[in-house]
Every structure is written in C-alpha cells, then in structure tokens.
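Subject: Handover of a structure and notes on its contents

Dear colleague,

Please find below the structure that I am handing over to you. My notes on it follow, and I would ask you to read them with the structure open.

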Amino acid sequence: MNNITMKMNADEAILSALREDITSEDITTNSVMPEYRLGEVDLICKQDGILAGLDVFKRVFELLDPATKVIFFAKDGDEVKAGQKLAVVHGDIRVLLSGERTALNYLQRMSGIATYTRSIAKLLEGTKTKLLDTRKTTPNMRIFEKYAVRVGGGYNHRYNLSDGVLLKDNHINAAGGVKEAIAMAKAYAPFVRKIEVEVEDLDMLKDALEAGADIIMLDNMTVEDMKEAVRLTAGKAETECSGNVTRENVARLVDIGVDYISSGALTHSSPILDLSLKNLHAI
C-alpha cells in the first residue's frame, strides 16, 4: 500500500480507529510515563503465517507522532514463523504504548486474511481459476481487507457498489426476470462496465446468455450443474462460482473449469495471525 493510497484513503480510517481507542487520553500510559522518553519495542510473530499490513502498522504510530521510526525485517507477502522478530518500533514511549493495540489490530487482521487466502489460493495453483473476495468485509475496513487478499494471492472482485453491475436475486426479482434485469442494466450502466448476473439454475443461465451477460455467477449450484453451466456457456461469458466457499470445501470446485471462485470467507471468517509487541525499553 503506497504513500498516496495511504494518505488519500487509509489515514481517515486509521485516525477514526485511534479516536475510538483514545477518547481524550490514555490514562494508563500517562500514569506511568508522564513525560517524553525515547524507547523502542520489538514486533514479534507468535505463529506461522503470511504478513500483510506493515505500512498500516507503521502509519498508526506516525499519525500519533511523525518522529516515530519503524525498522522492518520482513515485508508484506513474506512467510513468517513463530518467534521471528519482524520489526523494531523506535520513538516516544507514550506513543509506543498508546498506539500498540490499534497497530496490532490492523496488522493481525490483515495478516490473518492474507494467511487464509494463501491457503486457498494454493489449492487452485495450476488451474485457470482465480480466487476472488467479496463485499462481505468489516465496515470501514474494506481498503485494508481487500489489500490483504491480494497479498495472500487472491484477486479483488468489485470494490463497492459504484464499481460494477452485479445483478443478484433481489435485483432480478425487482426487474421482473433475468432478461429484463440485464436489459435495464445495459440501458443504464456506462458501456465500460461489465454486467454480471447471478443465476441459481440452468434455465436462468440460458436466459443470462441470451441477454448478453458478460459474467455469470453460478450461485449455490451443484457441482454437476456447474459443470453443465460451463459447457453451455462455452466462452460466451466468463463464469464465477459462489456460495459458502471455504478452505475445507474448495477442492470440489477445482475441476469445474470456471474462471473465478469467490469466497466471502476470505474476509469474514479468517482468524487473525497472532503478533505481539514485546521487550519495551528506554534507550
């Protein structure tokens, strides 16, 4: 995540998180460290995984005090091991103490997503199928969580509702049918936007193909029906399968031949990667 992205999109969210944790003051820190004192603390990995979010981790401390320095011994995307020293944070001890939890919350969450994503992406290696995330993200965490998916080897689906047309079951019901929904989307959406439609059976698939959908999402269909759907589509549109996809069940989807597999679990169900700040001392 580069500096421009950070300042334009992430700083506001990080500041909001800091305000949530420090309403007026950090009473505990101010009790034990009433004055400025220079110190440093180590970032330690407590379990094996994939790192993601180091720039966000650093930015938390920088927003509290621009003089804070972080020296990293690893980078986003690295495989890390329990016990590994990942960084040293150097600055005002009051800043190190007050920023600790917010910085770790971001880094643990993002690294957990990258770790879980990598574990599923590995199962798709050697196929044409790409692993996608969804909009099932934590409110106000989307920019961080979708970045973590990319670090883990996945790809981003649309970022938000302004980013593309995805006609789901309720949109189709509102429009009166698959063909009607696609026709209305084609008439309204900018021509540069692809139109994706969710189908639940082969009849809906045929309607979507006849209406000229660009991408067809096969939602909660049986493996046999999805294979038939790929055969019927025959390159007329891109295909995506979706529906409660997890690390435990993705193997059944590998040989279907779809272009994409989307999984909300990447962002809503991945456990954190356990990390800690240890060995704080004055220098």
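Is Asn140 buried or exposed? Asn140 has a relative accessible area of 70%, and a residue counts as exposed over 50%, so Asn140 is exposed. Please bear in mind that the model is predicted. Asn140 sits in the loop that links E6 to helix H5 (142-151). Its phi is near 70°, which is a positive value in a residue other than glycine. Asn220 also deserves a look: its phi is near 55°, again positive in a residue other than glycine. You will find Asn220 in the loop between E9 and helix H9 (223-233).

The protein as a whole

The protein contains ten helices and twelve strands. Its C-alpha trace spans about 70 × 35 × 25 Å along the principal axes. Of its 283 residues, 49% count as buried. Among the contacts with a separation of 6 or more, 70% are made by residues 24 or more positions apart.

The parallel sheet

The pairing of E7 with strand E8 (residues 195-199) is parallel and consists of three bridges. Within it, Val165 has Ile195 of E8 as its bridge partner.

Strand E1 and its partners

How many of the eight residues of strand E1 are buried? Six of them are, so strand E1 (residues 38-45) is mostly covered. E1 pairs with strand E5 (residues 85-92) in the antiparallel sense over seven bridges, and Val41 stands opposite Val89 in E5. E1 is also joined by six bridges to strand E12 (residues 275-282), and these two strands run antiparallel. Here Glu40 stands opposite His281 in E12.

A pair of helices

Helix H3 (residues 54-64) and helix H4 (residues 93-121) pack at an angle of about 160°, and their axes are 8 Å apart. Angles over 145 degrees count as roughly antiparallel, and H3 and H4 are therefore roughly antiparallel to each other. The crossing in which H3 passes H4 is right-handed.

Which residues of H3 meet H4? They are Leu54, Val56, Phe57, Val60, Phe61 and Leu64. On the side of H4, the residues they meet include Val95, Leu96, Ala103, Leu104, Leu107 and Met110, as well as Glu100. The residues of this contact between H3 and H4 divide into 13 nonpolar, three polar and one charged.

Yours sincerely

Key. Residues are numbered from 1 along each chain as its sequence is written. This is a predicted model: local features need pLDDT of at least 70, side-chain atom pairs count only at pLDDT 80 or more; totals for chains, interfaces and linings use all residues. Side-chain values use heavy atoms; hydrogens and water are left out. Two strands pair if DSSP finds at least two bridges between them. Helices (H or I, at least four residues) and strands (E, at least two) are DSSP runs, numbered from the N terminus. Axes are lines fitted to C-alpha atoms, for helices over the stretch in contact, and angles run from 0 to 180 degrees between N-to-C directions. Angles under 35 degrees count as roughly parallel, over 145 as roughly antiparallel, 65 to 115 as roughly perpendicular and the rest as oblique. A crossing is left-handed if the near helix is turned anticlockwise from the far one by less than a right angle, and right-handed if clockwise. Contact means heavy atoms within 4.5 Å. Ala, Val, Leu, Ile, Met, Phe, Trp, Tyr, Cys and Pro count as nonpolar, Asp, Glu, Lys and Arg as charged, and the others, Gly among them, as polar. Buried means under 20% relative accessible area, exposed over 50%, partly exposed in between (1.4 Å probe, protein chains only).
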